[in-house]
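Hi there,

Here is the structure I promised to pass on. Please have a look at it first, and then read my notes below.

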2 protein chains.
Amino acid sequence: MTDHKSIEDALFESLLTKETFEGYEDPEKFKQYIPKIEQYKKELQDAILDEYKVDFPKPIDELVEEQLDAVDYLYKAKLLTPEEIKITDSSASEIVQNIAEGRWTAVQVFKAFAHRGTIAHQFTNCAHQLFVDEGLKQAQKLDDYQKKNGKLIGPLHGVPISLKEQSGYKGKITHAGYVGLIDNISPKHSVTTQILSDLGAVFYIRTTQPQTLMHLCSGNNFSEKTKCPFNIALSSGGSSSGEGAVVSFGGSAIGIGSDIGGSVRSPAAFSGCHGLRPTTRRLSTLGGVSSGAGQESVPAVYGPLTRTIGDIDYMMKTYINEGHPWDYDAWSFYMPWREVPKPQATDLTIAVIRDDELVRPSPPIRRGVDTVVKKLKEAGVDIIEFTPPNTELAYETVNKMYCCDGNEKQRELLAKSGEPLQKLTKWSLNYGEGARNYSIQENRKLNTIRDALRNEYNDFMVQNKVDFILSPVYNNVAPRPGQVYNWSYTTLFNILDFPTLAFQTGLKQDPEIDVWTEEDQKYNFRSKLEQLENNNYKPENFKHAPIALQLSGRRYRDEEVVAAGKLIVDDILKVNLLH
Amino acid sequence: MTDHKSIEDALFESLLTKETFEGYEDPEKFKQYIPKIEQYKKELQDAILDEYKVDFPKPIDELVEEQLDAVDYLYKAKLLTPEEIKITDSSASEIVQNIAEGRWTAVQVFKAFAHRGTIAHQFTNCAHQLFVDEGLKQAQKLDDYQKKNGKLIGPLHGVPISLKEQSGYKGKITHAGYVGLIDNISPKHSVTTQILSDLGAVFYIRTTQPQTLMHLCSGNNFSEKTKCPFNIALSSGGSSSGEGAVVSFGGSAIGIGSDIGGSVRSPAAFSGCHGLRPTTRRLSTLGGVSSGAGQESVPAVYGPLTRTIGDIDYMMKTYINEGHPWDYDAWSFYMPWREVPKPQATDLTIAVIRDDELVRPSPPIRRGVDTVVKKLKEAGVDIIEFTPPNTELAYETVNKMYCCDGNEKQRELLAKSGEPLQKLTKWSLNYGEGARNYSIQENRKLNTIRDALRNEYNDFMVQNKVDFILSPVYNNVAPRPGQVYNWSYTTLFNILDFPTLAFQTGLKQDPEIDVWTEEDQKYNFRSKLEQLENNNYKPENFKHAPIALQLSGRRYRDEEVVAAGKLIVDDILKVNLLH
């Protein structure tokens, strides 16, 4: 292990060449922030209601060592009542229906989810903020409304929705993973939070994200790392780290994450739920905090994480068609969510990417692709093997886009507090050409490369009548915390701006089956990055890790992607995450 | 006159402070290009068929001096046969219907338009290239297709469409106004040209544009300036200069222009037709040549110029819904053209901008606004007087966006040939901070200002239930060639990205009526720019100049804008440009 560790460190260091990391950390300045961080942590700790506190069977470190499946434990140890289980294992649309028909109250639903979500936090560190009391009041208001008016307030009446902390919340701190923003109180809700609230959603948790929002993991200076609920030794993914964990654990019916390089899909895939990265500008990001204001080369998007594909459809449809984001944010497309019927398997052509030619997928991912492709073929789907063109160019270009301001904005936000840089922050600041400030013409050149790539992939799909692209979300299942360096599989669809659904295959990693073969051992790594990533896969370390894939469609075909997702996940793979 | 001229020159010079104009002109280098330019001009001259040549009643200079209305002359001097008049004074949809029903052939239609368009060119210099022989072959092929298949090839079967030269045309030079690109042969049609061709359009003319495409006028080093057909002493506008002239003269049923700061609306307004600047990304600009590749802060759009609002609707609908630009250009929205019924006047609320607080409109424009507002009120439209907020910030910001690469790309394209800079090229290179190269963070800051402006205007419309904004297209009617400095009225809707229809009011300038009042004479100019612009309005110089206005809607509501345009132009104002 030490040997491996030192090889990893050496590889990591050898890949860090573009940033000097000067002008960031300042221990003296940071000292002033330590009491504020302590206060912030204390508020979170104090917000855990006594009645929701979990007695761990063993010290948490031992549970981590044992790779505890916390979801399994939740059921086996009966941490919730049968009624709470029943409620929290319902889809959002079922919840609304049950409230509408008087079987459940919003308060009842809320308490069950708040309980389950607070347990999720204790196992996974998914929360930055908990405010169960406020949520309870919201729920009570909804019940009062229903009683008085004899109808629901909206299509999300009483649905507990978790929110990535980055999305502004009226009257609360919004730091987006930057210690320097710990005094930043949002004057109002973000557009998305407001729309969800207007539609009847109830909030009680704002969830974790990494420093800078640019890791597929969760490290920051506010909290411990966030864990995968199905194996708490693993990362929940990122940057919507807490969303992955809380939704997969069942602590909210719908989670709202954001994705600029994989940040909805990675936590959904790693933690054990589904997540949609919509095409840009279908959901509003206005009122969110990040380093990306005004950056248009590869914009971040908001997207839902859920335990059913139907709930993704339900959330997108109600948010867009009844929430009218274009009335509050001129950047939002006036593009209603179309009713697209679930397709017939025999009408579909899907191109499958097994390897993006940058980083070889690990054995469980390969098994996932093999299994899904086999089942799709059996169902009558036409499968085309697809070697994606120009993935190296795409990866270089998108990584340059992230850093092309010479990390000026990140440096400003980080230097504000002088906070210590996380290892993966250093990694992400080193993308592209790191600290080199591009000229505007250079930035425009990146955009034209991006547009040519988009047309290359679009042409491939049009000319070959390919409906969707199936691919890994990442070259591995959930990594150990802090050990995720490659994001070529997710960023490809950010630079292409293709709507992409990360979905659970229903498979879990099995240390007995998912081993490197003898042939694998002879493999010549194509890059240090691949070596670093592949070396991290030791079968014994990834027990029960969820195996997920992603399905991408052409731009603005979000509806088609979700409809096909229902066919694949519900009908063909028969995945049921609601136990 | 001399006095005025020298005041104008002094003002102009005093406003030119941001560019040194170093690194552009190079007389030695330019010498190599002179024979190529001569050859290019000769080809255009040779392309005028003998039978289409016009015998001017007097030398052209005298006609210019007399402010000839060339359209009027066309009818009075009977330059076309009655049949040619009948055909060329038909809308695109009527043309298609007449061909479909066997009353006309595509060849017959084509010849009539080619004749009229070639006359237009002789009066207005609207063409960069004429290729009547090729168009005739295209038309013949369409007739053959119809004969063989008993149906039309598409919804634009046989419609003569003129194309701004900037849009790539297979096998032909595409220089976009840059002498340095005179050897640039387009390997294929632009996406828009190809789509129109596939839908059955016929081409024979590629039209003029100014050097750099950044003037609301037409000066370049390839040709004389382009004239307004209704008063050939005036500018046809720009940058789709030739489109304005040829469409208004009746030389094509539909023209395709591009608009980054007013370049569809100015030539439509000045020359005497209608023009739509759609929301970005509804029509594809792929395969066009400009300095703007990869520039996303304020992207150029393509848009139609026509003599009926119905034809704008027809073109947009067929292009989008049957042409499927998203199959050829991943930047194009998958946003079908919606069927929006013509609204009831009494259902509409329109906010009117009479003065943008930057440059005071001249008397004919004020009369245009007064007349239209009066008629709208009489028809039952609710009119709100609207002082647009932050117009100075909007104008500064959009102008900075145009030049924020420090004019690097423009300099590269101009320096390639070392061609002499047009006066208005110097003017436009001086926008914002001219030669200063912005950092990427500064560019992003401009984008956030833009987004805040968009939300400010969007909020105004949503909160006050305003359907549309009515405003001048420019502070004057068509200026004298080269005398157009302000574009605040058009660029406002580029930075807002609001779909905007420039439409004819049916009024023409009248030197007797449209005079500065005594009160006007006492006016204190708010800026040198305003002084420069207002000083250029001498009533006697603008005889018969068309008076146009523009109607803007919220983003992506192109359909609503066009539908309201039909109500206003056809029903309320009863404008008929088809004689």
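Below is what I found, starting with the interface between the chains.

A word on conventions: this is a predicted model, in which local features need pLDDT of at least 70 and side-chain atom pairs count only at pLDDT 80 or more, while totals for chains, interfaces and linings use all residues. Residues are numbered from 1 along each chain as its sequence is written, chains are lettered from A and ligands numbered from 1 in the order in which they are written, and side-chain values use heavy atoms, with hydrogens and water left out.

In the interface, 43 residues of chain A are in contact with 42 of chain B (heavy atoms within 4.5 Å). Together the two chains bury about 3,600 Å², 50% of it on carbon and sulfur atoms (accessible area, 1.4 Å probe, lost on being put together and summed over both parts). On the chain A side, Tyr334(A), Ile440(A) and Arg444(A) lose the most area, together 20% of what that side buries.

The rule finds 6 salt bridges across this interface (a side-chain nitrogen of Lys or Arg within 4 Å of a carboxyl oxygen of Asp or Glu). Arg554(A) and Asp327(B) form a salt bridge through their side chains, at 2.7 Å from N to O.

Now to a residue in chain B: Thr397(B) sits in helix 14, residues 391-403 (a DSSP run of H or I, at least four residues, numbered from the N terminus). Thr397(B) is buried, at 2% relative accessible area (buried means under 20%, 1.4 Å probe, protein chains only). Leaving aside residues up to four places away in sequence, Thr397(B) touches Leu446(B), Ile449(B) and Ile495(B).

Best wishes

Terms used
Helix = DSSP H or I, 4+ residues; strand = E, 2+ residues; numbered from the N terminus. Buried < 20%, exposed > 50% of the residue type's maximum accessible area, 1.4 Å probe, protein only.
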